[in-house]
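This report goes through one protein structure region by region, for a reader who has the sequence and the coordinates at hand.

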Amino acid sequence: MLNETHDPALRSWVPSTAADAADFPIQNLPFGRFVSPATGRPTLGVAIADAVLDLVAATAAGVLGGDAAEGVNACRDGWLNGLMALPARHASALRRDLSRALRADACIDKRLRACLFLRRGLRMLRPVDVRNFSDFYTSIHHARNCGRLRRPDNPVLPSFHAHPVAYHGRASTLSASGTAFHRPMGQFVRPGESMPVFEASQALDFECELGVYVGQGSALGERIALQDAPRHVFGFSLLNDWSARDLQVWESSPLGPFLSKSFVSTVGEWVVTAEAMAPFHVPAAPREEGVAPLLPCLDEAADRLQGGLSIDLEIRLRTAAMQRAGSAAMVLARPRFSDQYWTVGQMLAHQASNGCRLETGDLLGSGTVSGPTDDRLGCLLELTRAGQRSFMLPDGEERTYLEDGDEVVIAARSAAPGFVPIGFGACAGTVLPARR
Ligand code: CA
């Protein structure tokens, strides 16, 4: 899958001075949806260094042609779905043509330059119109840390080792990065009491995840072989599956999460394509010793060898007081996606294994990305041992769970020897007081 667009020698003529410009070298070219300052309407863009190129305007100006233009023209109102639904050659041609036009040695097309906007200050929107959202549970460290709270002697159940566990989420509550949301109200039982109250959650948490966007779907009744799963992945974005732990504990016996997760989930600004991620595949994490072998439908040589992804995430917290004081955010943890027990391919193959139809634009969440050490845990439930252990912020504030006014930002980078690192931009959200 490697081609000229991954060449580490490539540089762009677009200036790169912004603090986060390193996320968007010419080897990345992620897609996003934003409000055009020129027209005031949503449009499809690609991030390059300090700028975003309006692809719809560039196509209308005649800068792009062939499969690339056809791909952009399929994206109505700037939603990426139209391009995702087309055969992969369209997104690939678009990436190749953009790479060639934006290279330092390219003859700069004035029409192209007119379609560039400074990234800073742009209003970013949700890039994909998602109709189905499933959230998985693919970190064994997260599963063990959470399972221990309920079953200290048997934290990881046998089914966790047999298939990637998941539940169906709500696509309607997916929100753009930067969205502020109200602390959810709900039922929970206060510590030491036995009867529930209906109150504002007192245990609001984030979950640092990777989102996987489906490109080509599957037909009802059709299964997806593990070896074919990568062909159904259009790209990746950051995802924060905000969770109300007190609601979750009360409602999740005996079924899974419901209202504790469906008040908001934040998706990242940018969709990093599967093609851009080609240099960053790594072996799947090893199976634990002593567990039953995988069933053949979830076991495949190429998936074992390169089903993992090298993505280093970072979770930052900035409280209202820190924002007022102009202080920098505090890094809470740096989880690594390469620690995940199940691969993206296994998630897709498992979801379609009963004949469930996958559709273009479906979003599959990886579940919380957590590793074996405290600095690699992906949620406060784990970092604070379910609220039993608070931590201090640089300005002397104390936290267990999130307070009103807190902003959480997830960022991520992928790096590999011999390639230019790429980033995912931001996935940010701020907690507002509950609506009582
Ligand atoms: Ca989750």
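This is a predicted model: local features need pLDDT of at least 70, side-chain atom pairs count only at pLDDT 80 or more; totals for chains, interfaces and linings use all residues.

The side chains of Asp-374 and Arg-385 form a salt bridge, with 3.0 Å from N to O. This pair links distant parts of the chain, 11 residues apart, since Asp-374 is found in the loop between strand E22 (363-365) and H12, while Arg-385 is found in the loop between H12 and strand E23 (391-392). The loop between H12 and E23 also holds Ala-386, which has a positive phi of about 60° although it is not a glycine. With a relative accessible area of 23%, Ala-386 is partly exposed.

## The calcium site

Which residues coordinate the calcium ion? The donors are Asp-135 (OD), Glu-207 (OE), Glu-209 (OE) and Asp-241 (OD), at 2.2 to 2.3 Å, and their spacing in sequence is D-x71-E-x1-E-x31-D. Because Glu-207 lies in the loop between strand E12 (204-205) and strand E13 (208-214), and Asp-241 in the loop between strand E14 (233-240) and strand E15 (243-244), this pair ties together parts that are 34 residues apart in sequence. Both Glu-207 and Asp-241 are buried.

Glu-207 also takes part in a salt bridge with Lys-261, where the side chains meet at 3.0 Å, N to O. Lys-261 belongs to the loop between H8 and E16 and Glu-207 to the loop between E12 and E13, so the pair ties together parts that are 54 residues apart in sequence. Lys-261 and Glu-207 are both buried. A network of salt bridges links Asp-205, Glu-207, Asp-241, Arg-245 and Lys-261, and this network therefore includes two of the residues named as calcium donors, Glu-207 and Asp-241.

Ser-260 is placed in the loop between helix H8 (245-251) and strand E16 (265-267). Is Ser-260 buried or exposed? Its relative accessible area is 0%, and therefore Ser-260 is buried. The side chains of Ser-260 and Glu-251 are joined by a polar contact of 2.6 Å. When residues up to four places away in sequence are not counted, Ser-260 touches Trp-242, Ser-243, Ala-244, Leu-247, Gln-248 and Glu-251.

Pro-254 lies in this loop between H8 and E16 as well, and a cis peptide bond with omega of about 10° joins Ser-253 and Pro-254.

In soluble globular proteins, nonpolar side chains tend to be buried together. The largest nonpolar core here has 55 residues, of which Phe-236 and Leu-348 touch the most other members. The elements giving two or more residues to this core are E13, E14, strand E20 (312-318), strand E21 (330-333), helix H11 (344-351), helix H12 (380-383), strand E25 (407-414) and strand E27 (427-432). E13 supplies the largest share of this core, 4 residues. Apart from this core lies another, of 42 residues, among them Trp-13, Val-72, Val-128 and Leu-363.

The contacts of Phe-236, not counting residues up to four places away in sequence, include Leu-210, Val-212, Trp-270, Met-277, Leu-309 and Phe-424.

Strand E1 (residues 31-35) and strand E2 (residues 42-48) run antiparallel and are joined by 5 bridges, and Gly-32 has Gly-45 in E2 as its bridge partner. Ala-49 lies in the loop between E2 and strand E3 (51-54), is buried at 4% relative accessibility, and has a positive phi near 50°.

The whole structure contains 26 salt bridges, one of which joins the side chains of Asp-67 and Arg-89 at 3.0 Å, N to O. Asp-67 lies in helix H2 (residues 66-73) and Arg-89 in helix H4 (residues 88-102), so the pair ties together parts that are 22 residues apart in sequence. Asp-67 is partly exposed at 26% relative accessibility, and Arg-89 is partly exposed at 48%.

Note on methods: Residues are numbered from 1 along each chain as its sequence is written. Side-chain values use heavy atoms; hydrogens and water are left out. Buried means under 20% relative accessible area, exposed over 50%, partly exposed in between (1.4 Å probe, protein chains only). A polar contact is a pair of N or O atoms within 3.5 Å; within protein, one must be able to donate a hydrogen and the other to accept it, and residues adjacent in sequence count only if both atoms are side-chain atoms. Contact means heavy atoms within 4.5 Å. Donors are N, O and S atoms within 2.8 Å of the metal (3.2 Å for Na, K and Ca); water is not among the atoms, so sites may look incomplete. Two strands pair if DSSP finds at least two bridges between them. A nonpolar core is a set of buried Ala, Val, Leu, Ile, Met, Phe, Trp, Tyr and Cys residues joined through side-chain atoms within 4.5 Å. A salt bridge is a side-chain nitrogen of Lys or Arg within 4 Å of a carboxyl oxygen of Asp or Glu.
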